[in-house]
2 protein chains.
Amino acid sequence: MDPRTAAAWIERIEHLWHGQLPLAAAMDARITRLDGRILVATAPLAANINHMGTAFGGSLQTLGTLAGWAATLITAGDDMRCHIIVRNAHARFHRPVTSDLVAECALPDEAATADFQRRLARRGRALLRVEVQLPADDGLGVEFRGEFAAVSAPGS
Amino acid sequence: MDPRTAAAWIERIEHLWHGQLPLAAAMDARITRLDGRILVATAPLAANINHMGTAFGGSLQTLGTLAGWAATLITAGDDMRCHIIVRNAHARFHRPVTSDLVAECALPDEAATADFQRRLARRGRALLRVEVQLPADDGLGVEFRGEFAAVSAPGS
């Protein structure tokens, strides 16, 4: 993915998060890295803290969901108008996150992306399994696994 | 649980949510029912909407987490000072939620509660598995399952 395409994706997704998803706006979720291999979403600790001074579990799940949602949208392709719907979300909490929240989502490689886009074009829907890691200071904080469906929008 | 005890729990938990959990405050999460059998948490659609006009998946997971967290705290008992930590959270999304978000969490019966409190007193920690249902207008919207650890706080 060239840097210009990546910047356009980030602008489009953050615009949606901050304009149409009040919870993502309240979390101040951002995309801080996007290339052909990885998408990284972040959110400041202050807006996502709990009463113990660590990152709130709901915020960690939500950031994983936002990262997986964005990764699925990008995998569906730039010119494809479709909806992305979360079907399953599983978070395993290993250790507390004590600084800003970071969600690292590996993107499918070129072959898997092409296969996903082919299924979406043929059947009008395709399912993507994503794995998101949310690091803590001293190791893995949270493992998040999600299944997201891309569904062709009517008229697209 | 008598109504006075229930009201005191609700006040204590909502005070914490709205004072120390910015995300729960942004969601405007509340407890609308609590008796010996069930805890119901709710949040208005407007603060938790997505760009498709339905409840955002991150809000649904977070409300399930808040309900399960509260149910575990209450199961640990009124006089027990302990921390409640989410260990696992799994949400399965069946159909979109198109009105205010509702999370119904069954509470353990008296025998299971006594057993949980005994384990917590003996070992300093105990694990509770909770099931939370989030209804849609036309059936089950989201099934949420969580595992929460109660851990005795130092000095308690």
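1. R92(B) is the bridge partner, in β3(B), of N88(A). Strand β3 (residues 82-93) of chain A runs antiparallel to β3(B), and five bridges join them; strands count as paired if DSSP finds at least two bridges between them. Strands here are DSSP runs of E of at least two residues, and helices are runs of H or I of at least four, numbered from the N terminus.

2. This is a predicted model, in which local features need pLDDT of at least 70 and side-chain atom pairs count only at pLDDT 80 or more, while totals for chains, interfaces and linings use all residues. Residues are numbered from 1 along each chain as its sequence is written, chains are lettered from A in the order in which they are written, and side-chain values use heavy atoms, without hydrogens and water.

3. The contact (heavy atoms within 4.5 Å) involves 34 residues from chain A and 34 residues from chain B. About 2,800 Å² is buried between the chains, 62% of it from carbon and sulfur atoms; this is the accessible area (1.4 Å probe) lost on putting the two parts together, summed over both. L23(B), H51(B) and F56(B) supply 22% of the area that chain B buries against chain A, more than any other three residues.

4. I31(A) lies in strand β1 (residues 30-34) of chain A. I31(A) counts as buried because its relative accessibility is 7%, the limit being under 20% (1.4 Å probe, protein chains only). Its contacts beyond four places in sequence include W17(A), L39(A) and A70(A). A41(A), ten residues apart from I31(A) in sequence, is 4.3 Å apart in space, C-alpha to C-alpha.

Conventions:
Buried < 20%, exposed > 50% of the residue type's maximum accessible area, 1.4 Å probe, protein only.
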